[in-house]
Amino acid sequence: MDEISSVLTRFNGRSAVALQAPDGAQAVLLLQGAQLVSWRARDGRERLYLSDSAVYADGQAVRGGVPVVFPQFEKRGPLQRHGFARVLPWTLERADVSREGALAVLRLESSDITLAQWPHRFAAELTVNVSNERLDVELEVENTGDAPLSFTAALHTYLRVHEVEEASLEGLRGQTYLDSLTGREAMQGLGAVTVEDEVDRIYWGHPEHDRTLLLREPGRTLAIDQQNFPDTVVWNPWTEKALAMADLPPSDFRRFLCVEAAAIGEPVQLAAGEAWWGRQTLRTQP
Ligand code: BG6
């Protein structure tokens with residue numbers, strides 16, 4: 001059953017979508033940026049980090065949740081950092097609740113605003129599905145113009161942790177990464193990724209290989225799958241960068257680790273009429 005009107009709500013004064021699966025799993029998304037700001041699996045515990053100092057205003061990025069980075073990762077191009085998708089209003093296309101869970105589809109199409117910055121016609125859809133112990137977030141992009149286009153993208157997921165120094169991210173052993181802080185490539189050794197200082201890395205993947213990572217903390221583990229997103233960004237600003245961020249309480253860098261499903265190293269190329277999708281799935285572990 002289509003439930004668009006029943007899922008529309010307000011969140012910190014902004015238009016939002018509240019999803020509630022029959023089993024109790026929940027998610028909240030802002031229409032601005034199609035940005036997830038909350039996800040609770042069936043156990044009721046919040047799994048995304050959202051800053052208490054986040055700014056809710058037209059055109060301003062919200063610190064936390066799952067910002068959608070499109071059509072440019074970071075400053076790898078002429079656009080504002082991380083592109084325009086996260087600061088533009090998306091529309092709610094569909095909302096469904098069934099025995100399997102709750103789903104929302106949000107859409108952003110090229111407009112005079114986007115064409116003035118990026119001369120390509122596109123339609124992007126973000127599909128969010130919440131049920132039981134899992135959250136699926138899928139970004140689909142279609143080239144609706146008559147010329148090829150290319151883009152980079154990421155689901156910039158802020159995973160909530162109790163204490164970032166006690167967390168570890170497994171699954172990247174032996175993988176090559178770009179250390180964005182030094183500009184040098186390096187290789188992850190045998191150990192898991194841990195955070196004891198600023199971390200800003202792009203782990204390069206193979207476009208045909210999907211990845212599963214495990215975020216472990218004392219007492220709980222989260223599995224993170226990515227499909228069609230070859231790369232993984234791991235980011236934590238640590239003390240000094242956090243102090244310089246007006247929308248982050250000074251010690252809150254301890255409360256999250258960003259693990260981003262991304263397509264950066266090889267930009268996605270779409271001929272006219274072609275489409276691409278990439279997905280990140282979060283699963284709480286028993
Ligand atoms: C990460 C980048 O993806 O996003 C970092 O790797 C960047 O370099 C971070 O600082 C946050 O970006 P923003 O624009 O949301 O402050």
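In which loop is Glu 74 found? Glu 74 belongs to the loop between β5 and β6, where strands are DSSP runs of E of at least two residues and helices are runs of H or I of at least four, numbered from the N terminus.

Before I continue, a word on the model. It is predicted, so that local features need pLDDT of at least 70 and side-chain atom pairs count only at pLDDT 80 or more, while totals for chains, interfaces and linings use all residues. Residues are numbered from 1 along each chain as its sequence is written, and side-chain values use heavy atoms, with hydrogens and water left out.

Let me stay with this loop. Glu 74 is not a glycine, yet its phi is positive, about 50 degrees. Pro 71 lies in the loop between β5 (68-69) and β6 (91-98) as well, and a cis peptide bond, with omega about 0 degrees, joins Phe 70 to Pro 71. In general, most residues other than glycine have a negative phi, and most peptide bonds are trans.

I turn to the ligand. The residues around it, meaning those with a heavy atom within 4 Å, are Arg 63, Phe 73, Glu 74, Arg 81, His 82, Arg 86, His 156, Asp 200, Val 233, Trp 235 and Glu 260. By class, this shell has six charged, three nonpolar and two polar residues. Here Ala, Val, Leu, Ile, Met, Phe, Trp, Tyr, Cys and Pro count as nonpolar, Asp, Glu, Lys and Arg as charged, and the others, Gly among them, as polar.

Among the polar contacts (pairs of N or O atoms within 3.5 Å), Arg 81 places a polar side-chain atom 2.9 Å from a ligand oxygen. For Arg 86, a polar side-chain atom is likewise 2.9 Å from an oxygen atom of the ligand. An N or O atom in the side chain of His 156 is 2.8 Å from a ligand oxygen. Of the 400 Å² of accessible area that the ligand has on its own, the protein covers 89%, by the Shrake-Rupley method with a 1.4 Å probe.

The largest pocket holds about 630 Å³ of space, a volume being the space filled by probe spheres set on grid points joined across faces, edges and corners. Its lining comprises 28 residues, with Arg 63, Glu 74, Arg 81, His 82 and Trp 235 nearest the centre. Two or more lining residues come from each of β16 (199-203) and β19 (231-236).

The second largest pocket has a volume of about 170 Å³. Pro 71 is one of its lining residues, which also include Trp 118, Phe 151 and Ile 264. β10 gives the most to this lining, with three residues.

Finally, there is one cavity of 30 Å³ or more. About 60 Å³ of space lies in the largest cavity, whose lining includes Arg 47, Glu 217 and Arg 220. β18 contributes the most there, with three residues.

Definitions and conventions
Polar contact = N/O pair within 3.5 Å; in protein donor to acceptor, adjacent residues only side chain to side chain. 1 Å grid on protein atoms, 1.4 Å probe; cavity = no way out; pocket = protein on both sides within 12 Å on 5 of 7 lines; lining within 4 Å.
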